[in-house]
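The questions below work through a structure from single residues to the whole chain. Please read each answer alongside the sequence and the model.

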Amino acid sequence: MTTYTCPMHAKVRQSMPGACPACGMALEPDGSDPKNPASPELADFTRRFWIGLVLTLPVFGLEMGGHVTGQPLISGRLSDWLQIALSTPVVLGCGWPFFVRAARSVRTGHLNMFTLVAMSTGVAWLDSLFAVLTPQIFPPELRLRDGRLPTYFEAAAVITVLVLLGQMLEQQARAHTSDAIRALLGLAPSQARRIGPGGTETDIALDKVQPGDHLRVRPGEKVPVDGVILEGRVAIDESLVTGESMPVTKAQGDLVIAGALNMTGSFVMQAQKVGADTLLARIVAMVAQAQRSRAPIQGLADEVSAIFVPMVLAFAALTALVWGLVGPEPRLAYALVTGVSVLIIACPCALGLATPLSIMVGVGRGAGSGILVRSAEALERLERVDTLVLDKTGTLTEGHPTLTEVIALDGQSQSELLRLSASLETASEHPVARAIVAAAKAQGLALCPVNAFDSPLGLGVTGKVAGETIMLGNALYFERQGIDITDLKIAAQGAGHIGATALFVARNYRLAGLICISDAIKITTPEALMILKAQGLRLIMITGDNEKTAKAVAKALGIEEVLAEVLPDQKAAVINRLRREGRRVAMAGDGVNDAPALAAADVGIAMGPGSDVAIESASITLLHGDLLGIAKARHLSRAVMANIRQNLVLAFIYNGASIPIAAGVLFPGFGLMLSPALGAGAMALSSLCVIGNALRLRALRL
């Protein structure tokens, strides 16, 4: 049975969906169901928002149109009745969940933003209703020139629609948490080819595979489950799962991981871990758990409301009581007017807009610079980050093999050596072969057809090109062929020290040169790391690559802390260890292997050209895959959070000054009273101040 829990209050658990009794947020299922991407709460609030918007627009036009033109659009009494007919379904229908949550907050003693929303909209609507139905209970001083009393149906309806919009946007953001899970599960094939006792092969559903089953994986297919190879020798691309940029040669007795791609040949494997026990399934579970553990930034508003809401309610009650006891006649009417003014002017519009408006404008500004922010809390957390963990493959480096150097022995031409090697490699589908061919084509070299092609797995390639026998491979391959590599052995070792793969080239069984292939460092990486270091960040490189390659790249970039040969679950463990030490951690990566760490970090930063899973697991995505974007994102974070704090100060200054005026403190000395109409105007003015301040972020230079 599914259990529902609150993202902010883990102790709240129940068997049915609903709202949290403490903060009013919608409860989430405790677990991930990738087959159910949409939440009932999102569909409900979306429907309520659009219905409320359609009904609110004419109400707003009827009330505000008269203020703009100086005369009512239609007769006063007819306008009042139309506003009642249109606003009532909005406030009491579309906004009904707010009243339910407010009532529950009162019963449980956990007053929150919904308490204020329900009070302000409810009081504005009721006061307006009484003003239309029983105008005689109000003092004549409050009447308008046409004899009518001011009404606030449009304020109640607009507040309801704005809060519904905020709830809808929040639910949409939370619904994205299952996208990463679905992307991860998509890595595994839906079927596996099982070999029966008689040698017959049958395609079966993945959930039918049992430990011990013998499975065949053909070229171009993904490994269905974790297991061990029984027959065959193949090249496996594990980059999506382990982060290893180069395909790995696997033979009998070697382990293979679910989701890895079989690049060459066919092999038979024995299933060992299936279902929830596979590495891929564990990654799914870790991403889901890390995502559920995050608290939304709206918690700040609720914490403030825990103090602000009771104070407003108490002050409104005290105001009404004082006016009812010692105020001038008609005391009860003045008590009602001042009490309503306090509640209307204390409407949480400015407080509610303070955070989401700054976030909205800041996120838009970031998107224009290629910085996509998934969650609002990411901007808040990024400001306080002091440790940056960087994946190597695809983050610091380009993420794919490229030709970096061609060394030709005396009498050989570099371009001719590259042309012959690329011609030979046209018969191979290996990523290294593609890198060599791409480099030759980039130089405009004319390639020749290849004959008698052979590819001893894990060693190299050979074939006839332009009448010559061309060989390309590692030291072991050349030693087995009896070819002396002494002249280039030191150069090959040097290439290894800087993280490159060295391939010897022979023409007619004589050493001709050396081709170096590496995962090149991105051109902007050194500059970006210098800036990030200057900002005081502690930099740690973490990768699934071998230790020699990792240290070579780290040394070239001046990174002192390196963790190599780290598996996906270990990456998340490193992040959690750093956080337990009190560090505020950001993680930047692009592969599936980075997904758990991205989700576990305070801020996960995905490099745009990387995997969809990494992007879905992260809270910030750099579309250009440029580490300079991290420095820009931190600047954006500081600016947005400063703007939010300014907005909150504006909102509280407004409330601190306007609530006493609404309560009538100026009446004894100056005879001035703030009517509910002026209170609604002041409320709108405070919102405009917050909006104007937030819009300044549009001019932010990144």
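Q: In which helix is the place of leucine 648, and is leucine 648 buried or exposed?
A: In this predicted model, leucine 648 has its place in a helix that spans residues 628–663, namely α23. Its relative accessible area is 16%, and because buried means under 20%, the residue falls in that class. The helix is therefore α23, and leucine 648 is buried.

Q: How many Å apart in space are leucine 648 and threonine 355, C-alpha to C-alpha?
A: Along the sequence, leucine 648 and threonine 355 are separated by 293 residues. In space, taken from C-alpha to C-alpha, the distance between leucine 648 and threonine 355 is 7.9 Å.

Q: How many bridges join β17 to strand β18?
A: Strand β17, residues 460–465, is mostly covered, with five of its six residues buried. It is joined by three bridges to the antiparallel strand β16, residues 450–454, where asparagine 451 has lysine 464 of β17 as its bridge partner. With β18, residues 468–473, strand β17 also runs antiparallel, and glycine 460 stands opposite glycine 473 of β18. The number of bridges joining β17 to β18 is six.

Q: Which residue takes a positive phi in the hairpin of β17 and β18?
A: Most residues other than glycine have a negative phi. The hairpin of β17 and β18 has two residues between its strands, and in the loop between these strands lies a residue that is exposed, with a relative accessible area of 52%.

Q: Of the aromatic pairs in the whole structure, is that of phenylalanine 45 and phenylalanine 98 stacked or edge-to-face?
A: A search of the whole structure finds six aromatic pairs. In the pair of phenylalanine 45 and phenylalanine 98, the ring centres are 6.3 Å apart and the planes lie at 25°. This pair links distant parts of the chain, with phenylalanine 45 in helix α1 (residues 40–69) and phenylalanine 98 in helix α3 (residues 96–108), 53 residues apart, and both phenylalanine 45 and phenylalanine 98 are buried. Because planes under 30 degrees apart count as stacked, the pair is stacked.

Q: Is the pair of phenylalanine 49 and tryptophan 50 stacked or edge-to-face?
A: The ring centres of phenylalanine 49 and tryptophan 50 lie 5.0 Å apart, with the planes at 70°. Phenylalanine 49 is buried at a relative accessible area of 8%, whereas tryptophan 50, at 49%, counts as partly exposed. Because planes over 60 degrees apart count as edge-to-face, the pair is edge-to-face.

Q: What percentage of the residues in the protein is buried?
A: The protein has 25 helices and 25 strands, and it exposes about 30700 Å², of which carbon and sulfur atoms supply 60%. Of its 702 residues, the buried ones make up 52%.

Key. Residues numbered from 1 in each chain as written. Predicted model: local features only at pLDDT ≥ 70, side-chain atom pairs only at ≥ 80, totals over all residues. Heavy atoms only, no water. Helix = DSSP H or I, 4+ residues; strand = E, 2+ residues; numbered from the N terminus. Buried < 20%, exposed > 50% of the residue type's maximum accessible area, 1.4 Å probe, protein only. Pairing = 2+ DSSP bridges. Areas by Shrake-Rupley, 256 points an atom, 1.4 Å probe, with all protein chains shown as cover. Phe/Tyr/Trp six-rings, centres within 6.5 Å; stacked < 30°, edge-to-face > 60°.
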